Amino acid sequence: MENNEHIKPEKRRLHQWRSASARTLGRSWYYVEKYTNLRKPEAWLTVLSSLLLRIGAILLVVGLVLFLWRMLNYEGYNIQQFSVPKQLEENGFSGTVIARQLEDQYLHLKSIAVSIKEDSVQAVGDEQQPELNVDVLGVGLSLRSIGFHLRDLFGRENNFIRGEITQTEENLALTLRMSGTDPETMIEPLDQGRREAVRRLLERAAESILKNTDPYRLAIYYDHTGNYKQGIKVAQEMLMHRPSEEHWAYLAWGVNLESRGRHQEALGKYERAIDARPDFPLPWLRKGYTLRRLGRNEEAIEFLGKATDLKPEESSYWNAYGIALYFAKRYDEADLAFQKAEEFAGDNTAWLFNWADKKAGQGQIQEAIEIVDRAILKAEQNNKLVEEIDARLFKAVLQMDTVQMNNYADIKLAIDPGNIYNLNLISTAYFRAKSYRRMIRTGKMAIALDENAEQSQRILNLMAMSYNFIGQPDSGLYYIRQSIERDTATGYPYSTLAETYHYLGQQDAFYQTLELALQKGMSPQSLRKEDEPYNVYWEKPRFKELMARYDPNRLKD
């Protein structure tokens with residue numbers, strides 16, 4: 001009996017719970033029926049509209065919060081209108097114009113530094129200093145100006161770039177004021193007119209902004225313009241005042257030394273950058289380049305390989321690694337590296353050209369053409385006409401199509417005569433087409449740019465060979481010596497020097513210099529029996545003995 005009394009309350013509670021659940025389910029089902037009744041499409045519309053409005057409201061709130069967060073955490077600098085004298089304003093240089101032109105000049109300097117990273121350092125990626133966003137306030141209403149006032153409203157500090165220009169009878173002076181730095185005054189004479197004085201002042205002001213925000217980039221800019229002392233000074237100041245950027249400072253210092261041919265010292269600076277931050281890939285890359293330039297290719301492979309380990313998605317690193325492996329005659333590994341470069345290259349076709357060039361160097365012309373065809377297809381798909389012309393010109397060179405070589409070379413020369421990489425390809429095309437005088441004219445245009453030692457060396461080498469073929473070996477001797485001076489560790493220019501000695505009638509010098517080329521790593525495979533002047537020497541005992549020392553199987557064919 002006691003047990004029954006205990007069970008009944010439990011049953012009553014269970015019954016009550018079931019009844020409540022049934023009532024709740026019933027009410028829920030009523031609303032489900034009400035709003036999902038297929039016979040009432042207006043109910044669907046009501047639900048859908050309500051849902052979309054709520055989602056839209058939520059997204060709007062989230063977007064507003066993100067906007068406020070971004071604006072409140074914005075650390076860039078905002079340019080304000082400059083104070084200018086009446087004489088300048090009357091000549092079109094209002095405070096707003098000065099601010100805009102300062103922004104343009106800054107972005108110009110910054111773009112030059114970026115191009116240097118791509119061309120000589122061969123890597124930008126995420127390893128950069130924070131961006132400097134320069135926006136002119138006081139001109140209309142913009143998100144940036146709204147953000148500026150919001151930061152002010154919430155008591156957050158805004159970073160300013162402002163200043164004033166004053167004029168005397170002989171000079172213009174610009175005082176630049178940046179948040180967190182002392183004012184800096186620059187003076188330029190008016191002897192060449194107001195416009196030129198303003199231009200020089202804005203250039204100096206832009207350099208000062210870059211120095212205060214991204215000194216590494218300024219150091220590289222100075223290196224590019226040949227202002228090496230200023231570049232080293234910036235790197236040294238980074239070490240003193242920006243200890244957290246020690247790795248960037250030593251990297252900039254190393255690039256500066258390397259540009260002046262002081263390769264051994266540059267290696268030391270790259271090593272210091274690696275010690276400061278071992279996971280920083282750029283000094284590994286630069287040290288690999290420098291070692292390869294010094295003829296220490298096996299060591300270079302180690303450092304270039306480490307760079308790819310640290311940043312495996314960077315296509316330019318794989319390209320550099322592939323080139324080093326190629327020169328070590330590790331061809332299968334080089335192919336794998338070039339495949340990685342292609343995989344991560346996106347719409348960039350440059351690494352495909354390098355791969356095809358190395359395939360052609362092995363005598364694998366058909367494989368090289370297939371790679372170039374992929375470059376043509378990629379350029380077509382991305383509507384990159386210039387790159388498509390490059391690829392078609394390269395293909396014409398590989399196929400020895402003289403008509404197409406001259407045709408595409410002429411087009412390239414008309415489109416972009418100021419790019420040394422293009423001029424190198426054009427020069428090669430003219431040389432292969434035996435248009436030697438056109439090659440020499442194009443080569444002189446390229447050498448006048450003198451932007452890249454490796455490219456200049458190749459072009460000077462082709463110029464020397466062209467002079468030899470048109471019967472002017474004295475001029476050939478002049479240019480091949482210049483080519484060798486660009487990089488004394490590279491082997492192939494010495495073979496051209498040997499050929500020049502042949503045309504000058506100096507046979508002993510021919511043999512001695514050719515052996516030097518082979519000692520410096522030039523492949524005997526690049527010499528062919530049908531090419532001049534090797535057709536003269538191919539069957540001579542002394543030549544056979546020389547070839548046998550460096551390639552015993554070469555003369556068995």
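**Exercise 1.** Classify the residues that line the second largest pocket by type.

*Solution.* By class, the lining comprises seven charged, six nonpolar and four polar residues. Here Asp, Glu, Lys and Arg count as charged, Ala, Val, Leu, Ile, Met, Phe, Trp, Tyr, Cys and Pro as nonpolar, and the others, Gly among them, as polar. The model is predicted: local features need pLDDT of at least 70, side-chain atom pairs count only at pLDDT 80 or more, and totals for chains, interfaces and linings use all residues. Residues are numbered from 1 along each chain as its sequence is written, and side-chain values use heavy atoms, without hydrogens and water.

**Exercise 2.** Determine which element gives the largest share of the lining of the second largest pocket.

*Solution.* Step one: the pocket (an open set of points on a 1 Å grid over the protein atoms alone, where a 1.4 Å probe fits, with protein on both sides within 12 Å along at least five of seven lines) is lined by residues that have an atom within 4 Å of a point. There are 17 of them, and Glu184, Met186, Glu207, Ser208 and Lys211 lie nearest the centre.

**Exercise 3.** Decide whether Lys358 is buried or exposed, and list its contacts.

*Solution.* Lys358 belongs to helix 15 (residues 350-361). Its relative accessible area is 10%, so Lys358 is buried (under 20%; exposed is over 50%, partly exposed in between; 1.4 Å probe, protein chains only). Leaving aside neighbours within four places in sequence, Lys358 contacts (heavy atoms within 4.5 Å) Ile323, Tyr326, Phe327 and Phe338.

Definitions and conventions:
Helices (H or I, at least four residues) and strands (E, at least two) are DSSP runs, numbered from the N terminus.
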